[in-house]
Structure formats: C-alpha cells, structure tokens
Amino acid sequence: ATEVANLRAACDAKGVDEVLQQVLASPSLTFLSLWGLRDPPRAAVPGSVEECHTAGIRVVMITGDQRDTAIAIGKRVNIIEDGDDP
C-alpha cells in the first residue's frame with residue numbers, strides 16, 4: 001500500500017511516464033494494463049465560445065480536471081489561446 005501511495009504522489013510530481021518506468025522496474029509490482037479515457041467536448045462548444053467572444057462575453061471554465069487536462073480542453077474549445085497564461 002505504501003508503494004502505491006508513493007506512485008500516486010510521483011504521478012503528481014513527476015508525470016505518468018516516469019511513474020510507469022518505476023512500476024516496470026519494481027520487483028513488487030506487476031504491470032497489468034494501461035487505460036485511457038477520452039471525453040471530447042461537444043461539437044457545438046467551440047462555435048458557442050466564439051459567439052460569446054464576438055459578443056464581448058468573457059468565457060470561463062470551472063472544472064475538477066487536472067490542470068494540464070483543463071488547459072488542453074480550454075485550448076480545444078477556444079477558451080484559452082496560445083500565449084495565454086491560464
């Protein structure tokens with residue numbers, strides 16, 4: 001259990017790639033599988049955000065996602081533009 005807690009903390013601090021290497025190198029852990037989940041925004045969202053911008057409405061996103069995930073989604077739907085400091 002302690003090793004799993006350490007891996008969770010390492011994911012936050014170091015990123016998934018480094019943690020995966022730790023799991024693969026660990027004699028006490030066995031890599032079983034890797035899962036990913038994709039939940040794209042609805043197709044109408046980027047257009048709706050653009051309409052808001054055109055109308056002078058500032059769009060904000062409130063989410064419980066991880067920072068990197070939220071930034072990627074914000075860029076995809078035109079809430080965040082390149083050069084913005086989210």
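**Close-up 1. Ile-71, a buried residue of helix α4 in a predicted model.** With a relative accessibility of 17%, Ile-71 counts as buried, because the term applies to residues under 20% relative accessible area. The residue belongs to helix α4, which covers residues 67–76. When residues up to four places away in sequence are not counted, Ile-71 touches Ile-80 and Pro-86. Between Ile-71 and Val-23 there is a separation of 48 residues in sequence, and their C-alpha atoms are 28 Å apart in space.

**Close-up 2. The packing of helix α1 with helix α2.** Helix α1, formed by residues 2–14, and helix α2, formed by residues 16–25, pack at an angle of about 150°, and their axes are 8 Å apart. On the side of α1 the contact is made by Leu-7, Ala-10, Cys-11 and Lys-14, while α2 contributes Glu-18, Val-19, Gln-22 and Val-23. Sorted by class, this contact of α1 with α2 holds 5 nonpolar residues, 1 polar residue and 2 charged residues.

**Close-up 3. A nonpolar patch on the surface, formed by Leu-24, Phe-31 and Leu-34.** Together, Leu-24, Phe-31 and Leu-34 have about 320 Å² of accessible area.

Key:
Residues are numbered from 1 along each chain as its sequence is written. This is a predicted model: local features need pLDDT of at least 70, side-chain atom pairs count only at pLDDT 80 or more; totals for chains, interfaces and linings use all residues. Side-chain values use heavy atoms; hydrogens and water are left out. Axes are lines fitted to C-alpha atoms, for helices over the stretch in contact, and angles run from 0 to 180 degrees between N-to-C directions. Helices (H or I, at least four residues) and strands (E, at least two) are DSSP runs, numbered from the N terminus. Contact means heavy atoms within 4.5 Å. Ala, Val, Leu, Ile, Met, Phe, Trp, Tyr, Cys and Pro count as nonpolar, Asp, Glu, Lys and Arg as charged, and the others, Gly among them, as polar. Patches are made of residues with over 30% relative accessible area and no salt bridge: like charges are joined within 9 Å, nonpolar side chains (Val, Leu, Ile, Met, Phe, Trp, Tyr) within 5 Å. Accessible areas come from the Shrake-Rupley method with a 1.4 Å probe; for residues, only the protein chains shown count as cover. A salt bridge is a side-chain nitrogen of Lys or Arg within 4 Å of a carboxyl oxygen of Asp or Glu. Buried means under 20% relative accessible area, exposed over 50%, partly exposed in between (1.4 Å probe, protein chains only).
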